[in-house]
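Keep the sequence and the 3D view open as you read.

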Amino acid sequence: MKKNEENWFATLAGEKVYGMNPKIRLQARLVRSVFKKRAEEINKNINQDDDYLEEKLIHELEKIGFLKKQSKSWLEKLFDKNNWLILLAIGAGGVYATKEYMRSDVIQLVDQPQLIEEQVVRSKTGFWGNWFDAQGGFTGFWSRIQLEKTGRLEEPIPTSSTQCSPDNLSIKGCLALANNGNSAAQFNLGLMYEKGLKVEQSYEKAFEWYKKSSALGNKPASINRDYLIDNELILQ
Amino acid sequence: MELEDILKLLQSESLVLREKGGREICKKLKPQLMGYYRQRRLNKVESEEVIMTSLLKIITKANTVEEPKKFKSWCWQVARNTLYDHFRKYKKYKNEINEEVLENFEIVARITQEKEKITDKEECVQLGIKEFEKAMPDRAYIIHMKMEKFTNQKISERIGKSLAATKEYVSQTYKKLKPFIENCTEGDD
C-alpha cells in the first residue's frame with residue numbers, strides 16, 4: 001500500500017498523521033465525518049431494538065421443528081432402518097438383566113434417581129457397563145464418547161424427573177432432586193449455572209453444585225469442576 | 001460467549017442447549033448483521049427480514065460446520081449470500097449485485113455537474129459518497145469498516161476473501177472512491 005493510501009486510511013480511522021498531504025488529509029476527514037454520521041444514525045436504531053426478534057426466531061425454530069422432537073409412532077420407531085442395532089442391544093440388555101436379577105434376595109430400589117445418573121459414571125467398567133445400566137436397560141454411549149472426546153460432559157444428564165432432563169431443564173425440578181442428594185440433578189444444576197441455562201450465569205454456583213455432585217462420586221461433575229479451576233473461571 | 005462455544009450448543013443433541021445456542025447467536029450477531037445490512041442500504045424492516053432468514057439458515061445448518069474456527073467466516077458467508085438473494089428477489093436492487101456494472105466516469109461526470117453547485121465541502125463529499133454507495137455498496141462497506149478500525153483480517157472474514165486479496169481490495173477501494181470526492185477539496189493545496 002502506498003504511503004498516501006496508508007495515511008488516508010489512518011486519518012479515516014481517526015488517527016493523527018503528521019507530514020501528510022493536507023488535501024488528502026482533508027478528504028479523509030470529510031469522508032470520516034460523513035460515514036461517522038451515517039453509522040451513528042444506524043447505531044441509534046440498533047440500540048433501540050428490543051428482544052422481539054429473538055423471540056420471533058425461537059418461535060420460527062420451533063415451527064420448523066428444530067427445537068422440537070420429531071414424534072413418530074412406535075411402529076415407525078421400531079422399524080426404522082437404523083433401529084436394528086438398538087433392538088439387538090435392548091434384547092441383549094434384557095438377557096443381561098435377567099441374568100443379573102434372577103434371584104429375589106436382591107433388594108431393588110424403586111425409582112432411585114441416583115442409579116440413573118450412575119449409568120453415565122459407571123460406564124468405565126466392563127463391556128456391558130458401557131451400554132447398559134444396573135437394570136439392564138440400554139443407556140447408550142453418547143455421554144461416554146463425549147467425555148473421551150472433550151474431557152468434559154456438556155450435556156445435561158437424564159434423571160428420574162421430567163423437569164430435570166436434557167430436553168426439559170428447570171431450576172425447580174433439578175433443585176427438588178438435588179436437595180435430596182441426587183448427583184445427576186446436582187450436575188445438571190452445575191451445568192445450568194455454568195452455561196446460564198434458564199438461570200443467571202454464575203461460575204461460583206456452578207462450582208458449588210459440581211463440588212456437591214462430585215462428592216457423591218459423579219465423575220463428569222468432578223471433571224467439570226476441575227475445568228472451572230484449571231481455566232481460572234473461579235477463584236480458589 | 002464466543003462463536004465457537006455457540007456452535008457447540010447449536011450442534012448439541014439437547015433441545016435446551018440448542019435453544020440456548022439460538023438465543024446466543026441472535027444476541028451476538030443481530031447488532032452486527034443489522035449494521036451490515038443497514039450499511040448496504042436496506043431499511044430497518046428489510047434488514048430484520050434478512051437477519052431472520054440469515055439466522056435461521058445459520059442455526060439450522062450449523063451441524064454442517066466441521067471446523068469451529070471457520071464458523072465465524074461461514075456465518076458471514078451465509079449473511080452475504082442471504083443479502084444477495086434478497087437483492088435478486090427485489091428488482092429495485094438490480095445494481096447491487098454487480099458493482100462494476102456502471103463505469104466510474106459515467107457517474108463522476110454526472111455528479112461533477114451537481115457538485116459544482118455546492119460550495120460546502122462536506123456536502124460535496126456527502127453527495128460523492130452517496131453515489132459511491134449506490135454504485136459500489138460492497139466497497140462503501142469497506143470504507144465503513146476501515147473507519148471503525150477493523151483490521152484487514154477481520155474485514156477478510158466479513159467479505160469472504162483471503163487476507164492478500166482483501167488488502168488488494170481495500171487498496172482498490174481507495175482508488176475507486178477517489179474520483180467521487182476529488183473535486184470537493186480543490187483549492188486546498
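A polar contact is a pair of N or O atoms within 3.5 Å; within protein, one atom must be able to donate a hydrogen and the other to accept it. Keep that in mind for a first stop in chain B. The model is a predicted one. In it, the side chain of B:N152 makes a polar contact with the side chain of B:K146, at 3.2 Å. B:N152 belongs to helix α8 of chain B, residues 152-159. Its relative accessibility is 16%, so B:N152 counts as buried, the cut-off being under 20%. Leaving out residues up to four places away in sequence, B:N152 touches B:K146, B:L163, B:T166, B:K167 and B:V170.

Now step over to chain A. Chain A holds 12 helices and two strands. Read from the N terminus, its elements run α-α-α-α-α-α-α-α-β-β-α-α-α-α. Chain A has 236 residues, and 42% of them count as buried. Take the contacts in chain A with a separation of 6 or more. Of these, 42% join residues 24 or more positions apart.

Next comes the meeting of the two chains. The size of an interface is often given as the accessible area lost when the parts come together. Here chain A and chain B bury about 5300 Å² between them. Carbon and sulfur atoms carry 69% of that area.

Turn to the nonpolar residues. In soluble globular proteins, nonpolar side chains tend to be buried together. The largest nonpolar core in this model has 71 residues. Those with the most contacts inside it are A:W8, A:V31, B:I25, B:Y37, B:F71 and B:I143. Helix α4 of chain B, residues 71-89, gives the most to this core, with nine residues. Neighbours within four places in sequence aside, B:I143 is in contact with A:W8, A:F9, A:L12, A:V31 and A:F35 from chain A. From chain B, B:I143 is in contact with B:F132, B:T173 and B:L177. Another core, of 26 residues, lies apart from the largest one. Among its residues are A:A178, A:A185, B:V16 and B:L17.

Charged residues come next. Side chains of opposite charge can pair when their charged atoms come close. Over all chains, the count comes to 19 salt bridges. Six salt bridges are found across the interface of chain A and chain B. One salt bridge joins A:E55 to B:R23, with the closest N and O atoms 2.8 Å apart. B:R23 also meets B:E19 in a salt bridge, at 3.1 Å from N to O. B:R23 and B:E19 both lie in helix α2 of chain B, four residues apart, about one turn of the helix.

Stay with B:E19 for a moment. Is B:E19 buried or partly exposed? B:E19 counts as partly exposed because its relative accessibility is 23%. Helix α2 of chain B, where B:E19 lies, spans residues 15-39. B:E19 touches A:I58 and A:L67, not counting residues up to four places away in sequence. B:E19 and B:I59 are 40 residues apart in sequence, and their C-alpha atoms are 9.7 Å apart.

A last stop is B:D85. B:D85 forms a salt bridge with B:K57, the closest N and O atoms being 3.5 Å apart. This pair links distant parts of the chain: B:D85 is in helix α4 of chain B and B:K57 in helix α3 (residues 44-61), 28 residues apart. B:D85 is partly exposed, at 37% relative accessibility. B:K57 is partly exposed too, at 30%. B:D85 also meets B:R88 in a salt bridge, at 3.1 Å from N to O. Both lie in helix α4 of chain B, three residues apart, about one turn of the helix. B:R88 counts as exposed because its relative accessibility is 53%. Elsewhere, salt bridges that share partners join A:E54, A:E55, B:E19, B:R23 and B:K27 into one network.

Terms used: Residues numbered from 1 in each chain as written. Chains lettered and ligands numbered in written order. Predicted model: local features only at pLDDT ≥ 70, side-chain atom pairs only at ≥ 80, totals over all residues. Heavy atoms only, no water. Buried area = accessible area lost by both parts, 1.4 Å probe. Salt bridge = Lys/Arg side-chain N within 4 Å of Asp/Glu carboxyl O. Core = buried A, V, L, I, M, F, W, Y, C linked by side-chain atoms within 4.5 Å. Buried < 20%, exposed > 50% of the residue type's maximum accessible area, 1.4 Å probe, protein only. Contact = heavy atoms within 4.5 Å.
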